[in-house]
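I put down each item as I came to it.

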Amino acid sequence: METDVIRIDPASPDPGAIVRAADVLARGGLVALPTETVYGLGARADDAAAVARIFAAKGRPAYNPLIVHVAGEDAARGLASRWPALASKLAAAFWPGPLTLVVPRDRARVPDAVCAGGDTVAVRCPAHPVALALLKEVPFGVAAPSANRFQSLSPTTAAHVLKGLAGRVDLVLDAGPCDRGIESTVVDVSGEVPVLLRPGALARTALEAVAGPLADPSPPAEEGAARRSPGMDRKHYAPRARMVMARGDAVEEALRSAGTRVGLVTWRARERRDVERLPDDPAGYGARLYAALHALDDAGCDAIVVEELPDSPGWEAVRDRLARACG
Ligand code: TXA
Ligand code: MG
């Protein structure tokens with residue numbers, strides 16, 4: 001298929017472009033859309049055939065459930081068989097924003113394909129003017145995983161989306177780089193105690209200030225068993241190049257030995273070729289991490305050394321993504 005790209009101003013999205021994207025979705029097509037975290041690969045969530053196109057385009061196995069994006073709490077409630085009190089509390093505090101809530105699923109409203117056949121559905125209201133305008137335009141939720149091929153790096157620009165999905169998506173809404181740059185935090189509020197399934201752009205401390213302590217997911221009983229949050233598999237979010245973490249005093253040696261053309265991601269000042277220097281705070285670093293890895297991949301690096309992170313609080317999500325990328 002031919003992939004159309006429309007540039008759209010995130011400050012004041014052109015209504016004509018939004019209507020066009022809504023029309024593609026209504027017909028069962030795929031639209032890559034910007035959110036505040038990463039670009040999503042969207043399809044109407046009430047149409048199993050449209051949702052199947054997402055899995056085909058990504059090359060993603062069907063046991064991985066998708067997040068349904070909605071315009072607000074009312075739309076989210078419409079997809080749930082029960083809306084827990086904690087969901088209301090968290091939605092009031094953090095939506096629109098980078099928080100995904102896993103709630104009991106209304107089987108009549110949400111097809112099996114969205115939820116890998118499970119009893120829950122993940123819902124999120126993104127804080128991006130383009131995504132919100134589109135979600136308000138359509139009478140359905142929009143299922144959207146990150147707009148990358150399965151197990152490769154998440155996209156924070158339209159160019160990243162096209163690298164993996166050109167010819168596999170009908171329309172890309174290009175609103176420039178995403179602000180947060182790291183995926184949403186996923187919290188399961190369907191059970192007795194809330195569980196932090198995936199650390200992400202919304203910090204655990206902010207969540208716990210509202211929700212109280214969050215439990216960690218129990219490890220899968222056995223390989224191949226039903227997974228609580230399949231996106232938590234290792235070897236996810238990875239660049240093409242081999243990734244290595246190195247302590248400050250081991251960086252020089254790692255740069256010499258890790259590969260033929262070795263890139264470096266660091267928050268320190270280090271002069272060399274193929275270096276991506278990121279801010280030394282978690283939000284700033286997280287916002288640019290994927291773009292840095294994309295850039296070093298594109299430069300032709302066969303290995304990427306990541307210098308150990310600063311010893312300050314708030315790095316949980318960044319640490320998680322780096323550990324997975326090192327797989
Ligand atoms: O920031 C984000 O969350 C981005 C943007 C596009 O919204 N989306 C995203 O989607 O990262 P994806 O599909 O790459 O990751 C979705 C995560 C996975 O870890 C998946 O396992 C989990 O959410 N998830 C989805 N539905 C679930 C469910 N019913 N129960 C448990 N985990 C679920
Ligand atoms: Mg993803």
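**Entry 1: Asp274.** Is Asp274 buried or exposed? I found Asp274 buried, because its relative accessible area is 13% (buried means under 20%, exposed over 50%, partly exposed in between, with a 1.4 Å probe and protein chains only). Asp274 sits in the loop between strand E12 (262-266) and strand E13 (275-277); helices (H or I, at least four residues) and strands (E, at least two) are DSSP runs, numbered from the N terminus. I also noted that Asp274, although not a glycine, has a positive phi of about 55°.

**Entry 2: ground rules.** This is a predicted model, where local features need pLDDT of at least 70 and side-chain atom pairs count only at pLDDT 80 or more, while totals for chains, interfaces and linings use all residues. Residues are numbered from 1 along each chain as its sequence is written, chains are lettered from A and ligands numbered from 1 in the order in which they are written, and side-chain values use heavy atoms, with hydrogens and water left out.

Entry 3: Most residues other than glycine have a negative phi, and most peptide bonds are trans. I therefore jotted down Gln151, which counts as partly exposed at 33% relative accessibility. Gln151 is not a glycine, yet its phi is positive, about 65°. I located Gln151 in the loop between strand E7 (142-143) and helix H7 (158-165). I then looked at the bond between Trp95 and Pro96, which is a cis peptide bond with omega about -10°. Pro96 belongs to the loop between H4 and E5.

**Entry 4: aromatic pairs.** How many aromatic pairs does a search of the whole structure find? I have two in my notes; rings of Phe, Tyr and Trp (its six-membered ring) pair if their centres lie within 6.5 Å, and planes under 30 degrees apart count as stacked, over 60 as edge-to-face and the rest as tilted. Trp83 and Trp95 form a tilted pair, because their ring centres are 6.4 Å apart and their planes stand at 50°. Trp83 is in the loop between helix H3 (73-77) and helix H4 (85-94), and Trp95 in the loop between H4 and strand E5 (99-104), so the pair ties together parts 12 residues apart in sequence. Both Trp83 and Trp95 are buried.

The other pair is Tyr285 with Trp315: the centres are 5.3 Å apart and the planes are at 80°, so I wrote edge-to-face. Tyr285 lies in helix H10 and Trp315 in the loop between strand E14 (303-307) and H11, so this pair ties together parts 30 residues apart in sequence. Tyr285 is buried at 0% relative accessibility, and Trp315 is buried at 2%.

**Entry 5: H10 against H11.** Helix H10 (residues 282-298) packs with helix H11 (residues 316-326) at about 30°, the axes being 9 Å apart. Axes are lines fitted to C-alpha atoms, for helices over the stretch in contact, and angles run from 0 to 180 degrees between N-to-C directions. That makes H10 roughly parallel to H11 (under 35 degrees; over 145 is roughly antiparallel, 65 to 115 roughly perpendicular and the rest oblique). The contact (heavy atoms within 4.5 Å) involves Pro282, Tyr285, Gly286, Leu289 and Tyr290 of H10, with Val318, Arg321 and Leu322 of H11.

**Entry 6: Leu207.** I ended on Leu207 in helix H8 (residues 204-211), which is buried at 0% relative accessibility. Not counting residues up to four places away in sequence, Leu207 touches several residues, including Leu90, Phe94, Leu99 and Val187.
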